[in-house]
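Biologist: I would like to go through this model with you, one topic at a time. Please have a look at it first.

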Amino acid sequence: MVANEVAVLMGSISDWSTMKLTCEQLEKLGISFEKKIISAHRMPNELQEFGENARNKGIKVIIAGAGGAAHLPGMIAANTTLPVIGVPIKTRTLNGMDSLLSIVQMPAGAPVATLSIGDAGAKNAAILAAQMLGITQTSVQEKLIALKETQRQAAIESEARFD
Ligand SMILES: Nc1c(C(=O)O)ncn1[C@@H]1O[C@H](COP(=O)(O)O)[C@@H](O)[C@H]1O
């Protein structure tokens, strides 16, 4: 069986509407991934086990989305040497500032590549993971070049929408 290259983790099923955008973008880039609910707070044993085994399963990059007291990305980073990308989920109470600050302020020695709050961060997480994989995989690099070209065309064509 061919291993999935990316793991998309989220603290709760309530994060899915955001993290779905990560998965959709990974699909468009042709990157194999697995998605899982893992919570540092609610599933500490499973979190540790996942972090410790991820590299042996063939995973190369971990994306972790969490909201509020968002300890999941940092705790995964504590348990693996794989790169971890953090997605702060937008919250109703504090608009995701709680998530952002919980993820971004890691102590030296356990980095989490923290993206922006919400949907853009979720989409960018997939693109950033692809860029990491694209360092050595020409096929991924080609998909990224095509994505940039699509975005460029869309921006140029958007001028036609001026009133
Ligand atoms: N931040 C964390 C962690 C964690 O970091 O371990 N586990 C769940 N959560 C977050 O709690 C929020 C509310 O979750 P529920 O809707 O399940 O109560 C979610 O955004 C989730 O990511």
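Biologist: Which residues have the most contacts inside the largest nonpolar core?

Modeller: Those residues are V6, L9, I62, I63, A64, L72 and I76, in a core of 41 residues. A nonpolar core here is a set of buried Ala, Val, Leu, Ile, Met, Phe, Trp, Tyr and Cys residues joined through C-beta atoms within 7 Å. Buried means that 20 or more other C-beta atoms lie within 10 Å of a residue's own, exposed means 12 or fewer, and partly exposed is in between, with C-beta atoms placed from the backbone. Two or more residues of this core come from each of β1, α1, α2 (44–57), β3, α3, β4, α4 and α5 (119–133). Helices (H or I, at least four residues) and strands (E, at least two) are DSSP runs, numbered from the N terminus.

Biologist: Before we go on, how are the residues numbered, and what pLDDT do local features need?

Modeller: Residues are numbered from 1 along each chain as its sequence is written. The model is predicted, and local features need pLDDT of at least 70, side-chain atom pairs count only at pLDDT 80 or more, while totals for chains, interfaces and linings use all residues.

Biologist: Back to the core, then. What does V6 touch?

Modeller: Leaving out residues up to four places away in sequence, V6 touches L26, I31, F33, I59, K60, V61, I63 and A129. Contact means that the C-beta atoms, placed from the backbone, lie within 7 Å.

Biologist: What is the strand order of the sheet?

Modeller: The order is β2-β1-β3-β4-β5, an open sheet of 5 strands with parallel pairing. Strands β2 and β5 are at the edges, each pairing on one side only. Two strands pair if DSSP finds at least two bridges between them.

Biologist: How many bridges are there between β1 and β2?

Modeller: There are 5 bridges between β1 (residues 6–10) and β2 (residues 33–37), in the parallel sense. Within this pair, L9 stands opposite K36 in β2. These two strands and helix α1 (residues 16–28) make a right-handed β-α-β unit. Right-handed means that, with the strands pointing away from the viewer, the path from the first strand over the helix to the second runs clockwise.

Biologist: And what joins β4 to its neighbours?

Modeller: On one side, β3 and β4 run parallel and are joined by 5 bridges, with A66 opposite P88 in β4. Strands β4 and β5 also run parallel, joined by 2 bridges, and G86 stands opposite T114 in β5. Right-handed β-α-β units are made by β3, α3 and β4, and by β4, α4 and β5.

Biologist: Is β4 mostly covered or open?

Modeller: Strand β4 is mostly covered, with 5 of its 5 residues buried. On one face these are V84, G86 and P88, and on the other I85 and V87. In a regular strand the side chains alternate between the two faces of the sheet.

Biologist: Which residues of α4 are buried, and what covers them?

Modeller: In α4 (residues 97–104), S99, L100, S102 and I103 are buried. Their cover includes β3 (61–66), α3 (72–78), β4 (84–88) and β5 (113–114).

Biologist: What about N95: where is it, and why does it count as exposed?

Modeller: N95 is in the loop between β4 and α4. It counts as exposed because it has 12 C-beta neighbours inside 10 Å. Its phi is near 60 degrees, a positive value in a residue other than glycine. Most residues other than glycine have a negative phi.

Biologist: Is L21 buried or exposed?

Modeller: L21, in helix α1, counts as buried because it has 21 C-beta neighbours inside 10 Å. Not counting residues up to four places away in sequence, L21 touches D119, A122 and K123.

Biologist: Last topic: how many residues surround the ligand?

Modeller: The ligand is surrounded by 16 residues, and the closest are G11, S12, S39, A40 and G67. A residue is near a molecule if its C-beta atom, placed from the backbone, lies within 6 Å of it. The shell divides into 6 nonpolar, 8 polar and 2 charged residues. Ala, Val, Leu, Ile, Met, Phe, Trp, Tyr, Cys and Pro count as nonpolar, Asp, Glu, Lys and Arg as charged, and the others, Gly among them, as polar.

Technical notes:
Contact = placed C-beta atoms within 7 Å.
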